[in-house]
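This report covers one protein model with a ligand.

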Amino acid sequence: MRAPVLDDDSAQAFGGRHSVLKLDTVEGYLNAFTSALRPKFNLVYIDAFAGSGSFKFGGSPALGFMAARPATVHDGSARRALAVSPPFDQLHFIDIDETNAEHLRSISAGRRGAHVHCEDANIAVRRICEQTDWGGRRGVIFLDPFDTAVAWDTLGVIAKTKSLDVWYLAPLAGIYRNAPHDHGDLTPEKKRTVTRILGTPDWEPEFYKMPTQRTFFDGDLHKSPRRVLDTDGIQNFMKRRLETVFPYVEKPRTLYGGSSGASPMFSLFFAMSNPSSAARRVALPIAQHLLKPKAGQFRR
Ligand SMILES: C[S@@+](CC[C@H](N)C(=O)[O-])C[C@H]1O[C@@H](n2cnc3c(N)ncnc32)[C@H](O)[C@@H]1O
């Protein structure tokens with residue numbers, strides 16, 4: 001794990017320990033990926049929600065006799081990708097925010113093959129995927145959005161390259177918060193949000209069933225369907241959805257956060273667009289090793 005520093009004006013404020021765990025995992029993969037493929041292929045990295053290059057969390061203001069605690073600043077995905085060794089040949093950093101894009105230009109200035117795109121990731125990823133000649137090229141794309149910014153179609157565009165390995169931080173809490181336990185509370189807006197994340201309206205009949213028995217907790221028999229999928233069930237549903245797009249999807253790692261640090265917030269997925277078994281033999285052992293919780297590592 002990289003040592004945090006104490007101040008950096010360009011750092012975005014977000015995340016928590018789960019963000020560091022996510023980035024350590026992806027960074028580990030990037031280093032192993034370029035080491036394994038460097039001599040044979042031209043290597044591309046796409047950071048679709050690149051941020052500013054660093055982020056901070058954990059500070060608190062002075063309170064009574066307690067001194068103020070500064071936030072700790074951590075290297076984000078873009079800085080980590082720039083430091084990967086052996087290096088990528090092309091790096092695409094995408095962020096919709098102009099201030100972030102300015103920081104990305106500054107940290108990648110002078111680096112051959114580095115491009116900054118200040119626009120919606122769904123548009124930029126489509127253009128990069130469609131305009132790149134993937135013959136002799138392999139790459140990794142990191143989808144690290146806030147909330148629900150990844151359009152389902154974008155995953156299909158990535159899959160078509162047959163050359164990109166994908167790390168996707170899927171918004172698990174974004175789904176279950178919008179899929180209330182009681183179907184009667186499912187507003188059209190919540191429905192649209194879940195459909196956007198999962199790319200199909202078919203989730204609804206799988207998520208909700210009419211209870212057949214009165215339970216101890218229910219008291220009265222429910223008059224509307226109840227959500228029958230817990231977070232594991234939702235995660236499995238997401239995996240099956242991704243499997244309709246990608247030839248291989250690994251079991252995700254659940255990342256915990258929230259104010260207690262114990263709420264399941266995200267599912268970190270690894271998927272491959274390359275259908276070849278040779279590519280899978282290289283990539284999978286690395287991804288599986290990185291996704292497995294390690295002794296002493298922060299879990300929740
Ligand atoms: C969770 S942060 C990414 C953090 C970054 N990967 C890192 O490690 O520091 C999400 C980023 O996505 C950007 N963003 C939000 N919506 C976007 C969109 N539609 N297209 C591109 N970037 C977007 C935000 O400005 C923010 O910097």
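## Helix α4

In this predicted model, helix α4 spans residues 121-131, and its buried residues are Ala121, Ala124, Val125, Ile128 and Cys129. Viewed down the axis of α4, these buried residues fall within an arc of 125°, so they line one face of the helix.

The face of α4 turned away from the buried side carries Glu130 and Gln131, which are exposed.

## Ligand shell

The ligand is surrounded by 20 residues. Phe49, Gly51, Gly76, Ser77 and Ala121 are the closest of them. Ala121 also belongs to the buried set of α4.

By residue class, the shell around the ligand contains 11 nonpolar, five polar and four charged residues.

## Overall fold

The protein has 10 helices and 13 strands. Its C-alpha trace spans about 65 × 60 × 40 Å along the principal axes. For 300 residues, a compact globule would have a radius of gyration near 19 Å; the protein has 21 Å, which agrees.

Of the 300 residues, 39% count as buried. Among contacts with a separation of 6 or more, 70% are between residues 24 or more positions apart.

## Backbone details

Most residues other than glycine have a negative phi, and most peptide bonds are trans.

The peptide bond between Ser85 and Pro86 is cis, with omega about -10°.

Asp147 is not a glycine, yet its phi is positive, near 55°. The residue lies in the loop between β7 (137-143) and α5. Asp147 has 11 other C-beta atoms within 10 Å; exposed residues have 12 or fewer, so Asp147 is exposed.

Lys162 likewise has a positive phi, about 55°, without being a glycine. Its position is the loop between α5 and β8 (164-170).

Terms used:
Residues numbered from 1 in each chain as written. Predicted model: local features only at pLDDT ≥ 70, side-chain atom pairs only at ≥ 80, totals over all residues. Buried ≥ 20, exposed ≤ 12 C-beta atoms within 10 Å, placed from the backbone. Helix = DSSP H or I, 4+ residues; strand = E, 2+ residues; numbered from the N terminus. Arc of directions from axis to C-beta. Near = placed C-beta within 6 Å. Nonpolar A, V, L, I, M, F, W, Y, C, P; charged D, E, K, R; others polar. Rg over C-alpha atoms; globule rule 2.2 N^0.38 Å. Contact = placed C-beta atoms within 7 Å.
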